Amino acid sequence: MAQQEEQGTPKWTQKVEDLVDDGEIGEAQKLLEGIVADLEQREASSSNLTLSAALFDLASLYNSQGLSIKADSCLSSALLIKKRAEALADLRYFSSSSYY
């Protein structure tokens, strides 16, 4: 697991995949919903790319179950967080660069 985190892969990814492969979709959903809830409580969650990744995974899982409204909601939130993070990174880049 530590190797997964070092390579940028969220540590829950393999666990969720294993649950889905074992047909335990409900357990995978509960796991991801818990991860999303925990990440949303963290500071600066509006630009947290880990939260965005978890929401993308949850959207995919919801979509596979035919829960399109929940999937769309998660996907919209994930994209918004990703855009905010990109905007923040751009702002940091331009504020640290000199235009002279």
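Modeller: Start with Gln29. Leaving aside its neighbours within four places in sequence, Gln29 is in contact with Leu58, Leu61, Tyr62 and Gln65. Contact means heavy atoms within 4.5 Å. This is a predicted model: local features need pLDDT of at least 70, side-chain atom pairs count only at pLDDT 80 or more, and totals for chains, interfaces and linings use all residues. Residues are numbered from 1 along each chain as its sequence is written, and side-chain values use heavy atoms, with hydrogens and water left out.

Colleague: Why is Gln29 called buried?

Modeller: Its relative accessible area is 15%. Buried means under 20%, exposed over 50%, and partly exposed in between, using a 1.4 Å probe and protein chains only. Gln29 is therefore buried. Gln29 is found in helix 3.

Colleague: What makes Phe56 partly exposed?

Modeller: Phe56 has 28% relative accessibility, so Phe56 counts as partly exposed. Phe56 belongs to helix 4. Leaving aside neighbours within four places in sequence, Phe56 is in contact with Leu75, Ala78 and Leu79. The C-alpha atoms of Phe56 and Asp72 are separated by 9.8 Å, and the two residues are 16 apart along the chain.

Colleague: How many helices and strands does the chain have?

Modeller: Five helices and zero strands. Helices (H or I, at least four residues) and strands (E, at least two) are DSSP runs, numbered from the N terminus. The pattern along the sequence is α-α-α-α-α. Of the 100 residues of the chain, 26% count as buried.

Colleague: Why are helix 3 and helix 4 called roughly antiparallel?

Modeller: Their axes cross at roughly 155° and come within 9 Å. Axes are lines fitted to C-alpha atoms, for helices over the stretch in contact, and angles run from 0 to 180 degrees between N-to-C directions. Under 35 degrees counts as roughly parallel, over 145 as roughly antiparallel, 65 to 115 as roughly perpendicular and the rest as oblique. Helix 3 and helix 4 are therefore roughly antiparallel.

Colleague: Which residues of helix 3 and helix 4 meet?

Modeller: From helix 3, they include Ile25, Ala28, Gln29 and Leu32. From helix 4, they include Leu58, Leu61 and Tyr62. The residues of the contact divide into 12 nonpolar, two polar and three charged. Ala, Val, Leu, Ile, Met, Phe, Trp, Tyr, Cys and Pro count as nonpolar, Asp, Glu, Lys and Arg as charged, and the others, Gly among them, as polar.

Colleague: How are helix 2 and helix 3 known to be roughly antiparallel or parallel?

Modeller: The axes of helix 2 and helix 3 cross at roughly 160° and come within 7 Å. Helix 2 and helix 3 are therefore roughly antiparallel. Lys15, Val16, Leu19 and Val20 of helix 2 make the contact with Ile25, Glu27, Ala28, Leu31 and Leu32 of helix 3. By class, that contact has seven nonpolar, no polar and two charged residues.

Colleague: What are the buried residues of helix 2, and why are they said to line one face?

Modeller: In helix 2 (residues 13-21), the buried residues are Thr13, Val16 and Leu19. Seen down the axis of helix 2, they fall within an arc of 130°, so they line one face of the helix. The arc is that of the directions from the helix axis to the C-beta atoms. What covers these residues includes helix 3 (25-41) and helix 4 (49-64).

Colleague: What follows helix 2?

Modeller: Gly23, whose phi is positive, near 80°.
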